Each structure stands twice: as C-alpha cells, then as structure tokens.
Amino acid sequence: MRDAAWSAVPQAGYERPEGHWYPFRREDSPGYTEEQTEQEARLRARMLELSIQIGTHPFWDTLSGPDVVAARSALKHVHDTPADDADAA
C-alpha cells in the first residue's frame, strides 16, 4: 500500500529528535498523483468562486458596523450545532 501523501510534491520524511517534548515522525511523502493534483485544483477554484459569491453577496450591503461582524461570525459557525430541521428529516 502506498503511503498517504501529506505533501503535494514529493518530500522527505522527518522525525523530531529523541527526547523532544512531543515526539513525531512523518514518513516520506510520494507527492500527489495526477488525479489528486487535478482534484485539488478544481476544489481550490470552486472554493475561490464560492468565497467571492459569499463575500460580494448583496446581503452584506443591508448591514453596517457591528451587525456585519456579528453576521459573518454567525455564518462561520452555522454548522456547529445540528439544525432542528435536519433532525426532523
């Protein structure tokens, strides 16, 4: 089985020195496959597209001052708790 790629490009593994307060070891990364690279590019493009749509949505023009901050904070945490509607479905 091929090791999971933790880096998009091939990278040598590393290990923290013995006695380090948080021991950690990472195996060599073979890098992403061509399919993984293409998928990452598609996902990044989609994320950029959606970020632009959200950030420039006309809704934000209806708010001002602290209301903008509160609304953006609420948007970041919208999925932190399950919605009642989801439980009913």
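Arginine 25 is exposed, with a relative accessible area of 53%, where exposed means over 50%, buried under 20% and partly exposed in between, for a 1.4 Å probe and protein chains only. The model is predicted: local features need pLDDT of at least 70 and side-chain atom pairs count only at pLDDT 80 or more, while totals for chains, interfaces and linings use all residues. Residues are numbered from 1 along each chain as its sequence is written, and side-chain values use heavy atoms, with hydrogens and water left out.

**Salt bridges around arginine 25**

- The structure holds four salt bridges, a salt bridge being a side-chain nitrogen of Lys or Arg within 4 Å of a carboxyl oxygen of Asp or Glu.
- In one of them, arginine 25 pairs with glutamate 15 at 3.5 Å, N to O.
- Because glutamate 15 lies in strand β1 (residues 14-15) and arginine 25 in strand β2, this pair ties together parts that are 10 residues apart in sequence; strands are DSSP runs of E with at least two residues, helices are runs of H or I with at least four, and both are numbered from the N terminus.
- Glutamate 15 is exposed, at 55% relative accessibility.
- Arginine 25 also forms a salt bridge with glutamate 27, at 2.6 Å, N to O.
- Glutamate 27 has a relative accessible area of 40% and is therefore partly exposed.

- Arginine 46 is partly exposed at 42% relative accessibility, and glutamate 49 is partly exposed at 40%.
- Through salt bridges that share partners, Glu15, Arg25 and Glu27 are joined into one network.

**Nonpolar surface patch**

- Leu50, Ile54, Leu75 and Val78 make a nonpolar surface patch of about 320 Å²; such patches consist of residues with over 30% relative accessible area and no salt bridge, with nonpolar side chains (Val, Leu, Ile, Met, Phe, Trp, Tyr) joined within 5 Å and like charges within 9 Å.
- Leucine 50 is placed in helix α1 and is partly exposed, its relative accessible area being 32%.

**Serine 29**

- Serine 29 sits in the loop between β2 (25-26) and α1 (34-55).
- With 4% relative accessibility, serine 29 is buried.
- Apart from neighbours within four places in sequence, serine 29 is in contact with Ala5, Trp6, Ser7, Val9, Pro10 and Gln11, contact meaning heavy atoms within 4.5 Å.

Notes:
Areas by Shrake-Rupley, 256 points an atom, 1.4 Å probe, with all protein chains shown as cover.
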